[in-house]
Amino acid sequence: MIEKANLEIFAEILLSLAKKDKDIIVVTSDSRGSGKLTNFGKELPDQIVEVGIAEQNLVGICAGLSAVGKKVFGVSPSSFLTARALEQIKNDIAYSNHPVTLVGISSGVSYGQLGSTHHSIHDIAVLRAINNLNIVIPCDNFETQEVIKSAVNYSEPLFIRFGKKPMQKIHSDYQSFKIGKGIKVKEGKDLVFIATGETVQRAYQAIEILEKDNFECTLVSMHTIKPFDEDLFLQSIKDTKGIITVEEHSENGGLGEKCAGILVQKKITTNFKIIGFPDEYMVNGSQSDVLNYYNMSPKTLAEIAKDLIC
Amino acid sequence: MNIKDLQLKSIEYRKTILEIIYNSGAGHTAGSLSCIDILNVLYNNILEINPSNFNSVDRNHYIQSKGHSVEALYTVLCDKGFYTRKELNTLNNFKSHFIGHPTRKIRGIEHNTGALGHGLSVAVGMAIGLKLDKKPYNVFTLLGDGELSEGSIWEGLMSANKYKLDNLIIIIDRNRLQITGKTEDVNPIEPLKEKFLSFGLAVQEVNGNSVKELEKIFKKIPFEENKTNLIIANTTKGSGISFIENEVVWHHKVPTETEFRDALKELEKQKLNFGND
C-alpha cells in the first residue's frame with residue numbers, strides 16, 4: 001500500500017506535537033515550502049524561526065535555542081545542511097552537546113534532475129565521522145512518525161534524513177520503534193538485505209521477486225545508522241548465504257562500509273555486496289531513474305542477489 | 001565593584017593569564033590580554049553569572065566566539081569561583097579538561113568555540129529563545145576583529161536585526177591584529193561602524209581597555225529599543241605589557257623565562273603606582 005511521502009508525515013506529526021508543546025521550535029532556511037512546513041508557519045508563527053538562505057546560521061541558531069531550553073528542529077535540504085553547515089553541526093551541535101534534531105530533507109538523489117549540487121550522497125559518510133551525533137533514516141511513514149515523536153524529547157544530537165517520494169507501507173502500526181534498534185521486516189534463510197531509508201522499499205520489492213523463485217530472504221530496515229544496531233545485524237546474517245546492503249548514498253562511508261567493517265573485524269566471511277552510488281561523475285535523471293541506473297531497481301537487486309548466492 | 005577595584009582586578013587577571021600560559025607552555029597571550037578588561041567588567045559588574053545560578057537558563061549568558069582567547073575566560077571564571085586555581089593549573093596537561101579553546105566540560109563555559117564565526121549565531125538563537133519566553137535576560141558575545149571575515153557572522157547579524165534582538169550585545173575586540181598581521185592588510189574590514197549601522201544595529205565605540213568606559217557603556221544597554229547592541233571595543237593587542245603590545249608575533253607566543261619575569265615586573269609596578277594616581 002502506498003502511503004504519503006515521509007516528508008509530509010514529518011510535517012503533520014511535528015505540527016500536531018508543536019500545537020501541544022510551545023517549546024517545540026522549527027528553524028528553516030527559506031525551506032518551509034520544501035519541508036512541507038508552510039502550514040506550520042501559518043498555524044504556529046511564534047514557533048518557527050526563519051533565517052533565510054543561511055544554513056550555517058540556521059545550525060548555530062538551533063544550538064542557541066536549545067541552550068535556553070527549546071526543543072529544536074532545524075529543517076533544510078540535506079545537501080546544503082550537511083555540507084555548507086558541517087562545521088556548525090560538528091562544533092555547535094555535536095561537540096557542544098545540544099540535543100537539537102537536524103532534519104535533512106530531500107536527501108539522497110530526491111531532487112532528481114536538479115543535479116549534484118542538490119543531491120546529498122555524502123551526508124551519512126561525513127556525519128558518521130562526527131562524534132556524539134546520531135543518524136536516523138526512516139523508511140516509511142511509520143518509522144518517520146515514530147522517529148519524530150522520539151526526537152522531541154531525545155537527549156542527544158540527532159540527524160534525520162528522508163526523501164519526498166510517497167512510500168510503501170513496510171511496517172505494521174503495532175511494530176515497536178526505538179532509535180538505535182533496527183527492525184527485521186522479513187526473515188528467510190537464503191539471503192539478507194540490509195537497507196536504510198527509501199531503499200528499504202526497493203529491497204522489499206526485490207524480495208517479492210525472489211520469493212517467486214523460491215528464495216527466502218531476510219530484510220532489515222536499518223533506520224538508525226548511528227548508534228548502529230550491531231546485535232541485530234549479526235543475528236540477522238547468521239548462517240545466511242549472502243548479504244546485500246542498499247543505500248541511497250555513496251558507496252564510500254555509508255551503511256555498506258559500516259557492515260563490511262563489522263564483518264571483517266568479526267572474521268565473518270560470506271558473499272557480500274554493497275549497493276550504493278559509485279565514485280564517478282553521476283548520470284542525470286529522476287530519482288527513480290538514477291536509482292535504477294545504479295542497480296537499485298527491484299529487478300536488478302533480485303538479479304544481483306541470485307548471482308551472489310547461486 | 002568600583003572602578004578602582006576593577007582596575008586592580010585587571011592587573012591581577014593579566015598576571016594570572018601570563019602565569020598559566022607560561023606554566024602550561026601554550027596559549028594565546030596577546031588576544032587574552034586585549035579582551036581581559038572586557039571580561040573583567042562583564043563578570044564582575046554586569047553578567048551576574050555565578051556557580052550557583054549557572055545551571056539555570058534564567059540568567060544572563062555569555063558566549064566567547066573568539067575562543068582562542070580562552071586563557072582570559074579561564075582566569076575570570078576561576079576568580080568567580082567556578083573552579084580552583086589548582087584545577088586551572090592543569091591547563092594543557094594530558095586528560096585535563098582545560099584545553100586551548102572553550103569547552104562545556106569546564107563549568108562556567110556555555111559553548112564550545114574555537115572555530116571562528118560560530119558564536120554569534122548561537123547567541124542569536126539564545127536571544128530569540130529568551131525573547132520567545134519573555135525572559136528579561138541578555139546574551140553577550142565577544143567576537144574578534146579578524147573573525148569578522150567569516151561570512152557566517154554577517155548571516156547572524158541579519159537574523160539579529162530581523163528579530164530585533166535588543167537583548168543581544170555583540171562586543172568586537174577591535175585590536176586590529178590577527179595571526180598574519182594587521183587586519184586591514186590581511187582582509188580589510190573598515191569602515192566597520194558604517195557596516196554595522198547598515199545592518200540595522202545600534203553601535204557604540206569604546207576604549208576596550210578602559211574598565212571605566214566599558215562599565216559606562218554596558219550600563220547604557222539597551223542602546224536603542226528593538227535594535228541589537230553592538231560595541232566596537234577598541235583595544236590594544238597584548239594590552240598591559242609594553243613589549244607584547246601591538247606585536248604580531250605575540251598572537252600565540254609563550255613568554256620565555258626572562259620575558260615572563262619582565263612582564264610580571266611591569267604588572268607589579270602598575271600595582272605599586274596604582275595608589276599614587
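## Close-up views of a predicted two-chain model

**View 1. The surroundings of Cys62(A).** Leaving aside neighbours within four places in sequence, Cys62(A) is in contact with Val27(A), Val72(A), Gly74(A), Ile93(A), Val100(A) and Gly125(B). Please keep in mind, here and in every view, that this is a predicted model. Notice that one of these partners, Gly125(B), belongs to chain B.

**View 2. The largest nonpolar core.** Now let us step back from Cys62(A). Which residues touch the most other members of the largest nonpolar core? They are Val27(A), Cys62(A), Phe193(A), Ile194(A) and Ala203(A), out of 161 residues in this core. Helix 2 of chain B, residues 29-46, gives the most to the core, with 9 residues. In chain A, domain 1 (2-168) and domain 2 (183-309) both give residues to the core, so it lies between them.

**View 3. Where the two domains of chain A meet.** The domain assignment divides chain A into domain 1, residues 2-168, and domain 2, residues 183-309. Their C-alpha centres lie 25 Å apart. The contact takes 26 residues from domain 1 of chain A and 27 residues from domain 2 of chain A. On the domain 1 side, the elements that give two or more residues are helix 6 (123-128), strand 6 (134-136) and strand 8 (166-168) of chain A. Sorted by class, this side of domain 1 has 12 nonpolar, 10 polar and 4 charged residues.

**View 4. Where chain A touches chain B.** Here, 24 residues of chain A are in contact with 22 residues of chain B. On the chain A side, helix 3 and helix 5 (86-95) each supply at least two residues. Which element of chain A provides the largest share of this side? It is helix 3 of chain A, with 9 residues. By class, the side of chain A that touches chain B has 10 nonpolar, 10 polar and 4 charged residues.

**View 5. Helix 6 of chain B and its cover.** Along helix 6 of chain B, the residues Ser152(B), Ile153(B), Glu155(B), Gly156(B), Leu157(B), Ser159(B) and Ala160(B) are buried. What covers these buried residues includes helix 3 (55-67) of chain A, as well as helix 5 (119-132), strand 2 (139-144) and strand 3 (168-174) of chain B. Just after the helix, look for Lys164(B), which takes a positive phi of about 50 degrees.

Terms used
Residues numbered from 1 in each chain as written. Chains lettered and ligands numbered in written order. Predicted model: local features only at pLDDT ≥ 70, side-chain atom pairs only at ≥ 80, totals over all residues. Buried ≥ 20, exposed ≤ 12 C-beta atoms within 10 Å, placed from the backbone. Helix = DSSP H or I, 4+ residues; strand = E, 2+ residues; numbered from the N terminus. Contact = placed C-beta atoms within 7 Å. Domains from an automatic or database assignment. Nonpolar A, V, L, I, M, F, W, Y, C, P; charged D, E, K, R; others polar. Core = buried A, V, L, I, M, F, W, Y, C linked by C-beta atoms within 7 Å.
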